[in-house]
Amino acid sequence: MDNAGETIPAFSLTFKTPWYSLTSHVKQWAGIQRELKKEIGPLHPLFHFHPVAFAKCGQNDSIIVALNDGRFAFVHLVWNGHVDHRPT
């Protein structure tokens with residue numbers, strides 16, 4: 001899966017350490033976005049909201065995503081490379 005047509009959402013937010021914006025980390029964002037697409041399958045509650053990562057925690061694999069309805073969500077990636085059939 002590629003990230004064609006997607007861009008990193010830019011918000012006027014200030015992040016407290018260890019969180020940071022992905023806007024200046026384009027290569028990292030691309031990898032995170034690919035993994036996000038792998039992990040969020042049709043049964044995941046975020047699937048139909050087309051999440052796009054924009055912030056990451058520097059201490060773990062947690063990210064904040066923008067949803068296509070204007071909301072945000074906190075997601076912890078597990079980096080297993082496949083759809084999470086039982087999201088929590």
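Predicted model: local features only at pLDDT ≥ 70, side-chain atom pairs only at ≥ 80, totals over all residues.

Visitor: What makes up the surroundings of Ser62, leaving aside its neighbours within four places in sequence?

Guide: With those neighbours left out, Ser62 is in contact with Trp19, Ala55, Lys56, Cys57, Phe74, Val75 and His76. Contact here takes heavy atoms within 4.5 Å.

Visitor: How do you know that the side chains of Ser62 and His76 make a polar contact?

Guide: The distance is 3.1 Å, side chain to side chain. The cut-off for such a pair of N or O atoms is within 3.5 Å, so the Ser62–His76 pair qualifies as a polar contact. His76 is also the bridge partner of Ser62 in strand 4.

Visitor: Which strand holds Ser62, and why is that strand described as largely enclosed?

Guide: Ser62 lies in strand 3, residues 62-66. Four of the five residues of strand 3 are buried, which is why the rest of the structure is said to largely enclose it.

Visitor: What makes strand 2 and strand 3 a pair?

Guide: Pairing asks for at least two bridges. Strand 2 (residues 52-57) and strand 3 have four, in the antiparallel sense, so they count as paired. Ala55 stands opposite Ile64 in strand 3, and a hairpin of four residues joins the two strands.

Visitor: How many bridges link strand 3 and strand 4?

Guide: Five bridges, again antiparallel, with strand 4 covering residues 72-76. These two strands form a hairpin with five residues between them, and Gly70 in the turn has a positive phi of about 95°.

Visitor: What is the order of the strands in the sheet, and why are some called edge strands?

Guide: It's an open sheet of four strands, ordered 1-2-3-4 with antiparallel pairing. Strand 1 (19-21) and strand 4 are the edges: each pairs on one side only. On average, neighbouring strands are turned by 30° against each other, direction ignored. Three bridges join strand 1 to strand 2, and Trp19 stands opposite Cys57 in strand 2.

Visitor: What lies across these strands?

Guide: Helix 1, residues 26-39, lies across strand 1, strand 2, strand 3 and strand 4, and runs at about 110° to strand 2.

How values were computed
Residues numbered from 1 in each chain as written. Heavy atoms only, no water. Polar contact = N/O pair within 3.5 Å; in protein donor to acceptor, adjacent residues only side chain to side chain. Buried < 20%, exposed > 50% of the residue type's maximum accessible area, 1.4 Å probe, protein only. Axes fitted to C-alpha atoms, helices over the stretch in contact; angles between N-to-C directions.
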